[in-house]
Amino acid sequence: MKNTTYVNPDMLYKQGMILKYIEDYNLQPINVLDIGAGHTNLSLYLIKNYKVNYLGIDSNPKLKKGFFECIEINDININKKPIFSFNNQICSCQLYPKYEAKKFFNFTSDEKYDLIYDVCALIHFDVNQIFCKNDGLYKAGLTIKNLLTDDGIFIFVSDCFKEGSYKEFIKPEECLKCFLKSGLKLVPNTSTFCPRENIKKYTSNNIFNLHSCEEIEKSFPGIITNDSCATHDVIFYVFKK
Ligand SMILES: C[S@@+](CC[C@H](N)C(=O)[O-])C[C@H]1O[C@@H](n2cnc3c(N)ncnc32)[C@H](O)[C@@H]1O
């Protein structure tokens with residue numbers, strides 16, 4: 001997908017993990033909520049190819065503008081293709097993507113989502129505030145739980161703690177503790193820890209759709225790349241309510 005923001009191998013790695021999970025389990029998401037959305041290739045891909053109903057939330061209004069520019073440059077044509085439920089009733093059709101420029105904690109909705117994801121955003125929120133250290137994630141977990149459909153999933157993929165790095169980065173087990181405390185349940189065997197050394201290594205053998213900056217530039221002339229790749233370990237979890 002073409003993008004107007006910078007793209008680096010590290011970001012594509014995290015997005016690739018979500019797409020791999022969707023493909024491996026043959027998921028067909030319908031209503032998608034993207035927390036701290038930015039404008040990722042993953043979201044554009046799901047809108048274009050999976051025809052999902054998409055809502056992005058990001059506190060930065062500039063990113064909302066950028067997101068809709070990306071919709072344009074990728075020729076994403078929202079055709080209102082009906083999706084039939086098992087008893088052949090029309091239960092959903094693709095809606096034009098929505099994007100709210102607001103803080104996630106100010107977001108409320110009666111809608112339910114069968115796929116909610118966070119690509120490296122929640123850890124930048126109010127993690128050291130609210131109830132105790134890192135309880136921003138706990139509070140986010142409570143909100144997410146309310147927004148999930150009964151069989152919906154929340155995928156969390158994020159940079160995590162590195163000795164000496166910014167204080168906002170959280171140890172993987174603390175992220176897990178916060179979400180479990182909020183009542184979310186970890187889907188068995190989904191917890192994946194990826195040390196940054198491995199992410200760097202994967203750059204060369206193209207696992208998880210990962211490409212080097214040179215490859216990205218060759219495939220998408222004019223794209224802005226940033227090769228400050230794999231500066232942190234990455235943690236991946238899938239939760240249900
Ligand atoms: C590291 S970026 C990740 C963006 C995108 N998910 C990606 O993978 O490229 C973190 C994003 O969180 C957004 N953000 C920070 N605080 C937020 C808040 N309280 N509510 C919603 N979005 C927020 C920022 O504007 C930024 O776009």
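The following questions and answers concern a predicted model of one protein.

Reader: How are the residues numbered, and which pLDDT is needed for local features?

Author: Residues are numbered from 1 along each chain as its sequence is written. In this predicted model, totals for chains, interfaces and linings use all residues, side-chain atom pairs count only at pLDDT 80 or more, and local features need pLDDT of at least 70.

Reader: How many helices and strands does the protein have?

Author: Helices (H or I, at least four residues) and strands (E, at least two) are DSSP runs, numbered from the N terminus. On that basis the secondary structure comes to seven helices and ten strands.

Reader: What percentage of the residues in the protein is buried?

Author: A residue is buried if 20 or more other C-beta atoms, placed from the backbone, lie within 10 Å of its own; it is exposed if 12 or fewer do, and partly exposed in between. Of the 241 residues in the protein, the buried share is 40%.

Reader: Which residues have the most contacts inside the largest nonpolar core?

Author: A nonpolar core is a set of buried Ala, Val, Leu, Ile, Met, Phe, Trp, Tyr and Cys residues joined through C-beta atoms within 7 Å. In soluble globular proteins, nonpolar side chains tend to be buried together. The largest core here has 62 residues, and those with the most contacts inside it are Ile116, Phe154, Val157 and Cys175.

Reader: Which residues does Phe154 touch, not counting residues up to four places away in sequence?

Author: Two residues are in contact if their C-beta atoms, placed from the backbone, lie within 7 Å. Across the protein, 74% of the contacts with a separation of 6 or more join residues 24 or more positions apart. For Phe154, with residues up to four places away left out, the partners are Ile116, Ile144, Leu148, Leu184 and Phe239.

Reader: Why do the buried residues of α5 line one face of the helix?

Author: The buried residues of helix α5, which covers residues 172-181, are Cys175, Cys178 and Phe179. An α-helix has 3.6 residues a turn, so residues three or four places apart point the same way. The arc is taken from the directions from the helix axis to the C-beta atoms. Seen down the axis of α5, the buried residues line one face because they fall within an arc of 95°.

Reader: What distance does helix α1 reach from its first C-alpha to its last?

Author: Helix α1 spans residues 9-24, and its buried residues include Pro9, Met11, Leu12 and Ile22. The expected span of a helix is 1.5 Å times one less than its number of residues. For the 16 residues of α1 the expected value is 22 Å, and the helix reaches a value close to it, 21 Å.

Reader: Which elements do the buried residues of α2 pack against?

Author: Helix α2 (residues 41-49) has among its buried residues Leu42, Leu44, Leu46 and Ile47. After this helix comes Lys51, with a positive phi near 55°. The buried residues of α2 pack against α1, β1 (31-35), β2 (53-57), α3 (61-73) and β6.

Reader: Is Cys120 buried or exposed?

Author: Cys120 lies in the loop between β6 (113-119) and α4 (135-147). Its phi is positive, near 55°, in a residue other than glycine. With 20 other C-beta atoms within 10 Å, Cys120 is buried.

Reader: Is Asn189 buried or exposed?

Author: Asn189 belongs to the loop between β8 (185-186) and β9. Asn189, a residue other than glycine, has a positive phi near 60°. Because 7 other C-beta atoms lie within 10 Å, Asn189 is exposed.

Reader: Which residues is Ala140 in contact with, leaving aside its neighbours within four places in sequence?

Author: Ala140 is in helix α4. It is buried, with 28 other C-beta atoms within 10 Å. The C-alpha atoms of Ala140 and Leu122 are 7.9 Å apart, although the two residues are 18 residues apart in sequence. Leaving aside neighbours within four places, Ala140 is in contact with Phe104, Leu122 and Phe125.

Reader: Which residues are the closest to the ligand?

Author: A residue is near a molecule if its C-beta atom, placed from the backbone, lies within 6 Å of it. Ala, Val, Leu, Ile, Met, Phe, Trp, Tyr, Cys and Pro count as nonpolar, Asp, Glu, Lys and Arg as charged, and the others, Gly among them, as polar. The shell around the ligand has nine nonpolar, six polar and two charged residues. Of the 17 residues that surround the ligand, the closest are Gly36, Gly38, Asn60, Val119 and Ala121.
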